[in-house]
Amino acid sequence: MIRHALYAGSWYPADAKDLQALVAQSIEEARKRATYQRGPYRFAVLPHAGLFYSKAGIAPFFTASYPDLERILILSPSHYANLKSDILASAPLSGCQTPLGVLEGFNLSSAQDKYFSAIQSEHALEMVLPYIASMPDRPKVGLALISRFSDPDHIHAIADQLVADLGEENLRLGKTVVIASSDFTHYGPRFGYTPYQDGAPKKVREDDLALSHLLCDGRVNEAYAFCASHHSTVCGYAPSLVVSDLAQRLQCTGWVADYYTSQDVSSSEDANFVAYSTILWR
């Protein structure tokens with residue numbers, strides 16, 4: 001079963017040359033910023049908006065070289081399929097199509113055919129794939145969805161499941177890397193989230209960076225409580241919590257490599273905006 005590039009031509013270029021140029025240019029821009037020169041990375045939280053918005057947040061991960069990398073697992077929320085809480089959903093895949101070629105897939109032991117349509121339709125899994133396809137030695141790619149948690153115990157249980165499935169030694173040696181796909185706060189009437197009447201961008205930034213630093217530090221229970229108390233619209237909070245838990249177990253060091261909003265990219269003063277935080281662990 002091949003996952004097709006459903007969003008090529010709309011969320012990013014379908015033409016291979018144009019897409020390769022976009023990927024290369026964004027990585028080159030990221031390399032100019034010293035904060036990114038700390039790889040190779042073991043875990044990451046990367047944005048998943050259309051590449052016009054998310055390329056600056058995805059590219060930092062790909063400034064590093066990965067001589068030992070064999071597999072990348074991408075975890076994302078499900079924007080279109082209604083998944084139950086505390087469920088890690090994956091489907092058996094032989095590969096993932098991109099305009100730059102087909103990436104070979106690998107599967108989690110829990111993969112089930114019934115989740116294939118959810119995996120196929122999910123844009124949050126797709127945005128990073130052209131970057132992986134641009135790597136000199138393409139790793140195998142695994143895809144899984146998790147939308148929300150009912151309590152912190154289930155976060156740790158999913159992390160346990162992934163460590164058993166992926167192999168702790170593979171994670172420790174950087175043979176397998178896990179990426180959480182997440183945009184941060186979605187603010188404005190369009191998203192039904194307007195807790196701040198004045199200075200919303202500044203206050204949203206404060207909230208997002210507070211959550212980002214909790215994730216960096218592996219303070220998973222506090223991060224979960226933060227999302228619950230703020231009625232957070234961080235769409236990929238669940239996969240981000242899992243990745244934070246995994247990074248903490250392996251004693252990885254995390255930091256916020258970048259933070260910006262859609263207003264910064266488009267120079268718009270629209271009342272509706274989306275924020276993006278790039279978190280890297282080594």
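Helix α8 crosses helix α9 in a left-handed fashion, meaning the near helix is turned anticlockwise from the far one by less than a right angle. By class, their contact has 7 nonpolar, no polar and 2 charged residues; here Ala, Val, Leu, Ile, Met, Phe, Trp, Tyr, Cys and Pro count as nonpolar, Asp, Glu, Lys and Arg as charged, and the others, Gly among them, as polar.

This is a predicted model, where local features need pLDDT of at least 70, side-chain atom pairs need 80 or more, and totals for chains, interfaces and linings use all residues. Residues are numbered from 1 along each chain as its sequence is written, and side-chain values use heavy atoms, with hydrogens and water left out.

On geometry, α8 (residues 200-216) and α9 (residues 220-229) pack at about 155 degrees with axes 8 Å apart. That makes the pair roughly antiparallel, a label for angles over 145 degrees. On the α8 side, D207, A210, L211, L214 and L215 meet E222, A223, F226 and C227 of α9, contact being heavy atoms within 4.5 Å.

Now the cysteines. There are 0 disulfides here, a disulfide being a pair of cysteine sulfur atoms within 2.5 Å. C235 is in none, and C252 has its closest cysteine sulfur too far away for a bond. Both C235 and C252 are buried (under 20% relative accessible area, 1.4 Å probe, protein chains only).

| C235 | C227, 11 Å | 17% |

Notes. Buried < 20%, exposed > 50% of the residue type's maximum accessible area, 1.4 Å probe, protein only. Axes fitted to C-alpha atoms, helices over the stretch in contact; angles between N-to-C directions. Helix = DSSP H or I, 4+ residues; strand = E, 2+ residues; numbered from the N terminus. Parallel < 35°, antiparallel > 145°, perpendicular 65-115°, else oblique.
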